[in-house]
Amino acid sequence: MLTSVDPDVMRVLGDPLRLRIVTLLARETLCTTHLVEETGAKQTNLSNHMKVLREAGVVETEPCGRFTYYRLCPEVLAGLSEQFAALAASARAAAGNKRACP
């Protein structure tokens, strides 16, 4: 039985800008320039966020000339979704359980 959701991925997706980036990448593969335009973030700030997303395995890179393209790794999000679904099922099954106070 599942007891927790991957804390690294949750921490990474807990940042509003990183969640926005993930949402954009769910629609298409984008380069840094596109992401700067879409988010309004400064390039250095965006690069820092992309590093965090890469290290967590949420995105992968594809070099293309002088540009770096970013692609979402759907299996990471699918795994997270499965973990949340398992937690929801556990909560439904345990809805009537209540531990007595000492």
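In the hairpin formed by strands E2 and E3, 2 residues lie between the strands, and Gly 65 adopts a positive phi near 65°. Strands (E, at least two residues) and helices (H or I, at least four) are DSSP runs, numbered from the N terminus. The model is predicted, so local features need pLDDT of at least 70 and side-chain atom pairs count only at pLDDT 80 or more, while totals for chains, interfaces and linings use all residues. Residues are numbered from 1 along each chain as its sequence is written, and side-chain values use heavy atoms, with hydrogens and water left out.

**The sheet**

- Three strands form an open sheet in the order E1-E3-E2, with antiparallel pairing; two strands pair if DSSP finds at least two bridges between them.
- E1 and E2 stand at the edges with a single partner strand each, so one side of each has no neighbour in the sheet.
- Strand E2 (residues 59-64) runs antiparallel to E3 and is joined to E3 by 6 bridges.
- Within this pairing, Glu 60 has Arg 71 in E3 as its bridge partner.
- Strand E1 (residues 30-31) is linked to strand E3 (residues 67-72) by 2 bridges, and these strands are also antiparallel.
- Leu 30 stands opposite Tyr 70 in E3, and the bridge partner of Cys 31 in E3 is Tyr 69.

**The crossing of H3 and H4**

- The axes of helix H3 (residues 32-39) and helix H4 (residues 43-55) come within 10 Å and cross at roughly 110°; axes are lines fitted to C-alpha atoms, for helices over the stretch in contact, and angles run from 0 to 180 degrees between N-to-C directions.
- H3 and H4 are therefore roughly perpendicular to each other, a term for angles of 65 to 115 degrees, whereas those under 35 count as roughly parallel, those over 145 as roughly antiparallel and the rest as oblique.
- From H3, Thr 32, Leu 35, Val 36 and Thr 39 make the contact, and from H4, Gln 43, Leu 46 and Met 50 do so; contact means heavy atoms within 4.5 Å.

**Thr 32**

- Thr 32 has its place in helix H3.
- Thr 32 counts as buried because its relative accessibility is 14%; buried means under 20% relative accessible area, exposed over 50%, and partly exposed in between (1.4 Å probe, protein chains only).
- Apart from neighbours within four places in sequence, Thr 32 is in contact with Gln 43, Leu 46, Thr 68 and Tyr 70.
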